[in-house]
Amino acid sequence: MALPLSILDLAHIGEGETAADSFAASVALAQRAEELGYKRIWYAEHHNMDSIASSATSVLIAHVAAHTRTIRLGAGGVMLPNHSPLTIAEQFGTLETLHPGRIDLGLGRAPGSDQQTMRALRRTPSSADSFPQDVLELQGYLTGETRIPGVHATPGRGTNVPLYILGSSLFGAQLAAALGLPYAFASHFAPAALEEAIALYRREFKPSAQLDKPYVIAALNVIAADTGEEAQEQFLASKRLRVSRFLGRGRTFTPEEADVILDSPAGQQIVQMMKYTAVGDSAEVKAYVERFAEHTGADELIVAFSAVDRKVWLRSAELLAAAWGL
């Protein structure tokens, strides 16, 4: 059986688009992914970012779920220190009640924002310190074995929404292993610790009621097009866009300016973020994804389609599915 493929939809708002356009595109992608045989689609919580529309993650999941029938949907992830565990249990308990057997809950501890936005969220730098305890509290609400006497999630209690720990460092790997939860590594933008984190997770994994053996999801970027040349053009456009987003501080660079920056040390950091990116026609992309799967030993791959052009973005999903034999 082929390794399962899933999608991380970054819900990006393209140039000249609105958030409504982004939501419509997410629905279109989910409907096509369902037809093509992808396993799940996740959406990530970000705040105060003009280019990403998934800040209210659970609301977006509900919208997409209402327009699809079978594909699993979830958070990849909810940044739990931004919220009370009870609130998230209620939100995802509601989703699971409305769409039984289709909801995942991936959890991270990063802010998903900048320092000023952390203040606006009523979060402090120390909020992440209680992440392990918050995960356990949340799990208790969803299983019905609450850790706070007399407090229950309604809806949520007994829904057993599956939890996943997300990470880009060894901390998440250690926590997922200790709690016996599946582990998803964010190698699509933070590749440095990929091999070490997966090895640590598998080595230290302790079985739990949810999971009896380690389960690793590894992320990568994919830009697939009908020709390799078109894919490479989109890859360059994606890197240029990241230069403006990460280094522009409100300024948009011309292609020529972005190329100069890409050759600088700061630009090379952005290039390194995209270390694990499959670019090319269907055969080239399939070969890369196969090598990545072998390299990680992952149980599932989750793909972020990184093309700037919406048509190529959706076409990437179609070409990869066909090449992979979904």
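The lining of the largest cavity divides into seven nonpolar residues, no polar residue and one charged residue (Ala, Val, Leu, Ile, Met, Phe, Trp, Tyr, Cys and Pro count as nonpolar, Asp, Glu, Lys and Arg as charged, and the others, Gly among them, as polar). The model is predicted, and local features need pLDDT of at least 70, side-chain atom pairs count only at pLDDT 80 or more, and totals for chains, interfaces and linings use all residues. Residues are numbered from 1 along each chain as its sequence is written, and side-chain values use heavy atoms, with hydrogens and water left out.

The lining of the largest cavity consists of Ile7, Leu8, Asp9, Leu10, Leu29, Ala304, Phe305 and Trp313. At least two of the lining residues come from each of strand E1 (5–8) and strand E9 (300–305). The structure holds one cavity of 30 Å³ or more, and the space in the largest cavity is about 30 Å³. On a 1 Å grid over the protein atoms alone, a cavity is a set of points where a 1.4 Å probe fits but cannot get out, whereas a pocket is an open set with protein on both sides within 12 Å along at least five of seven lines; lining residues have an atom within 4 Å of a point. Grid points are joined across faces, edges and corners, and a volume is the space filled by probe spheres set on the points.

The second largest pocket has a volume of about 250 Å³. Its lining holds 14 residues, of which Gln139, Thr143, Asn160, Ala209 and Gln210 lie nearest the centre. Helix H5 (residues 131–143) supplies the largest share of this lining, five residues (helices are DSSP runs of H or I of at least four residues, strands runs of E of at least two, numbered from the N terminus). Six nonpolar, six polar and two charged residues make up the lining of this pocket.

Six aromatic pairs are found in the whole structure (rings of Phe, Tyr and Trp, the last by its six-membered ring, pair if their centres lie within 6.5 Å; planes under 30 degrees apart count as stacked, over 60 as edge-to-face and the rest as tilted). Tyr183 and Phe185 form an edge-to-face pair, with 6.3 Å centre to centre and 70° between the planes. Tyr201 and Phe205 also form an edge-to-face pair, at 5.7 Å and 75°. Tyr183, Phe185, Tyr201 and Phe205 form one aromatic cluster.

The charged end of Arg109 sits over the ring of Phe171, 3.7 Å from the ring centre (NZ of Lys or CZ of Arg within 6 Å of the ring centre and within 35 degrees of the ring normal). Arg310 lies over the face of Trp313, at 4.6 Å from the ring centre.
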